[in-house]
Amino acid sequence: MVGCAPQYYVEQPTSEAGRVCAAGCAQRHMQCADQARSMAEMAQQSCQSDKERVIDRCSDIADEKMRHRCEGARGAGAYCATAANTRACDATRAQCVLDCGGSVSEIRSSGSLPVY
């Protein structure tokens, strides 16, 4: 039923001052998203390092099945891909644009932002 619910969008302000204000929102959004991506990258690197340490600890086991069991029991089989979560950044930007004089609409235009 999610497809039946109306979707709302934040429209950019129409006044010059509002557009300047919204440009600041966009700048802060980029910084927030960059920070989220950086945190995801650090988490990815940490996970990969942890896996490498486990693999190194288990590497002395000659039997391949036992070595894989050792690695798996210690988390080396875990998938490390960590995506950046920018939803909070997106929501903050939408609220910022509203605070700058933007408006909410059910019709998406080229410069509108989804409401989160």
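Is Cys80 buried or exposed? At 5% relative accessibility, Cys80 is buried, because the cut-off for that class is under 20%.

## Model and confidence

The model is predicted. Mean pLDDT for the protein is 89. A score of at least 70 is reached by 96% of the residues.

Helix α3 has the highest mean, at 95. Strand β3, residues 113–114, has the lowest, at 80. Where pLDDT is low, predicted coordinates should not be read in detail.

## Disulfide pattern

The whole structure contains 5 disulfides. Count the bonded cysteines in sequence order, and the pairing reads 1-10, 2-9, 3-8, 4-7, 5-6.

## Cys47 and Cys80

The bond connects distant parts of the chain. Cys47 sits in helix α1, while Cys80 sits in the loop between α2 (64–73) and α3. The two are 33 residues apart.

Cys47 has a relative accessible area of 21%, so Cys47 counts as partly exposed. Cys80, at 5%, counts as buried.

## Cys32 and Cys89

Cys32 is bonded to Cys89, with an S to S distance of 2.0 Å. The torsion about the S-S bond is about -75°, which means the disulfide is left-handed.

Cys32 is partly exposed, because its relative accessibility is 28%. Cys89 is buried, at 3%.

## Cys58 and Cys70

A further disulfide links Cys58 and Cys70, S to S 1.9 Å. Cys58 is in helix α1 and Cys70 in helix α2, so the bond ties together parts that are 12 residues apart in sequence. The S-S torsion is -70°, again left-handed. Cys58 and Cys70 are both buried.

Strands of a sheet pair through backbone hydrogen bonds.

Strand β1 covers residues 9–11 and is joined to β2 by 3 bridges. Within this antiparallel pair, Glu11 stands opposite Ser103 of β2.

## Around Ser105

Where does Ser105 lie? Ser105 is part of strand β2, residues 103–105. Its relative accessibility is 19%, so Ser105 counts as buried; the limit is under 20%.

What does the side chain of Ser105 reach? At 3.0 Å lies the backbone nitrogen of Ile107. Leaving aside residues up to four places away in sequence, Ser105 touches Gln7, Tyr8, Tyr9 and Glu11. Glu11 is also the residue that stands opposite Ser103.

Definitions and conventions. Residues numbered from 1 in each chain as written. Heavy atoms only, no water. Helix = DSSP H or I, 4+ residues; strand = E, 2+ residues; numbered from the N terminus. Buried < 20%, exposed > 50% of the residue type's maximum accessible area, 1.4 Å probe, protein only. Polar contact = N/O pair within 3.5 Å; in protein donor to acceptor, adjacent residues only side chain to side chain. Contact = heavy atoms within 4.5 Å. Disulfide = S-S within 2.5 Å. pLDDT = per-residue confidence, 0-100. Pairing = 2+ DSSP bridges.
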